[in-house]
Amino acid sequence: MAELFYDNDADLSIIQGRKVAVLGYGSQGHAHALSLRDSGVDVRVGLHEGSKSKVKAEEQGLRVVTPAEAAAEADVIMILVPDPIQAKVYEDSVKDHLKDGDALFFGHGFNIRFGFIKPPAGVDVCMVAPKGPGHLVRRQYEEGRGVPCIAAVEQDASGNAFKLALSYAKAIGGTRAGVIKTTFTEETETDLFGEQAVLCGGASALVKAGFETLVEAGYQPEIAYFECLHELKLIVDLMYEGGLEKMRWSVSETAEWGDYVTGPRIVTDATKAEMKKVLGEIQDGTFAANWMKEYEAGLPKYNEYKKADQDHLLETTGKKLRKLMSWVEADA
Ligand code: NDP
Ligand code: MG
Ligand code: MG
């Protein structure tokens with residue numbers, strides 16, 4: 001079983017005794033910086049020239065400097081810029097300001113796990129990753145609660161790196177909910193696998209294939225949209241609240257029977273064999289290398305895939321139908 005840590009296991013004064021730089025002020029960055037500050041931590045935000053989030057950070061009372069200035073001032077540097085540019089930000093703005101005894105923090109292990117960032121030996125390398133989007137992390141903190149976090153140490157130069165990570169997690173509310181100990185390798189590989197095979201890749205491919213099957217059989221796209229995409233939220237909400245059991249308790253017996261007999265015909269042994277291949281390509285670095293190559297080439301295939309799905313009948317149908325649903329937030 002996983003090791004869990006709560007408020008009583010974490011000493012807030014450790015992080016209160018450090019100078020923290022949060023690089024980036026997006027989903028995670030804003031939540032970390034504001035909650036660290038409200039927990040009595042000395043924090044500055046590092047943002048690049050022309051950053052769109054700079055005004056917001058300043059309005060919210062934070063001091064904003066360049067990433068290099070932030071790294072120079074601080075002895076704990078949390079990198080919360082997008083993963084594909086972290087290595088460049090590290091090279092340009094962080095590396096030269098790292099001293100023995102400093103700590104480098106991440107919200108996701110990608111760049112450490114695949115060696116795009118190689119910190120010097122005298123520095124602690126830690127991860128504190130909330131298991132939720134930044135806005136929830138911040139809202140929970142403000143309400144006196146927290147979002148569970150996972151924490152890891154890749155390099156323990158000080159001998160106290162995990163205590164420091166727990167202290168950081170406490171300052172953003174994580175230990176109120178519970179912190180699970182992991183490793184950079186486990187976090188990175190499971191995160192990539194989950195988003196590719198199940199959450200984003202798997203779910204969207206399943207929805208599209210179901211929708212196409214109905215439309216190709218002559219059913220109306222609007223009806224197919226409701227059955228294959230819209231209602232998925234109800235099912236996922238039930239799973240989220242009470243696992244497969246609550247979902248099956250809530251749906252009809254007919255739906256439950258269909259679940260048992262048809263589910264395994266859709267996600268077959270062949271699908272699982274492919275999942276294992278996908279996991280292999282994550283573990284051996286193939287996925288990471290290909291993704292960084294695509295990113296550096298200016299995202300040609302990424303944009304092609306994006307465009308193709310934007311024009312898909314599923315999406316154009318959904319756009320029209322969501323206008324009929326006053327409770328659904330308008331498309332961004
Ligand atoms: P976002 O895309 O929301 O935010 C990125 C921030 O970085 C923005 O404020 C952006 O500024 C800023 N930025 C861009 N380039 C630079 C630069 N060169 N120097 C300094 N700042 C820069 O990122 P996320 O919060 O989603 O992700 C941050 C990290 O957290 C990632 O490692 C991610 O994997 C991890 N994570 C994310 C979760 C999430 O829910 N989103 C959950 C758990 C972990 P601007 O836009 O103003 O130009
Ligand atoms: Mg991810
Ligand atoms: Mg139905």
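Predicted model: local features only at pLDDT ≥ 70, side-chain atom pairs only at ≥ 80, totals over all residues.

The bounds, from an automatic or database domain assignment, are 4–182 for domain 1 and 191–322 for domain 2. I looked up the contacts between them, counting two residues when their C-beta atoms, placed from the backbone, lie within 7 Å. Four residues of domain 1 touch five of domain 2.

Residues are numbered from 1 along each chain as its sequence is written, while chains are lettered from A and ligands numbered from 1 in the order in which they are written.

Next I checked the secondary structure and found 18 helices and nine strands. These are DSSP runs numbered from the N terminus, with helices (H or I) of at least four residues and strands (E) of at least two.

Then I went to strand E3, residues 42–46, where four of the five residues are buried (20 or more other C-beta atoms within 10 Å of the residue's own, C-beta atoms being placed from the backbone). E3 pairs with E2 (residues 19–23) in the parallel sense over five bridges; I count a pair when DSSP finds at least two bridges. Leu-23 has Gly-46 in E3 as its bridge partner. With E4 (residues 64–65), E3 again pairs in the parallel sense, over two bridges. There, Val-45 stands opposite Val-64.

Note on methods
Buried ≥ 20, exposed ≤ 12 C-beta atoms within 10 Å, placed from the backbone.
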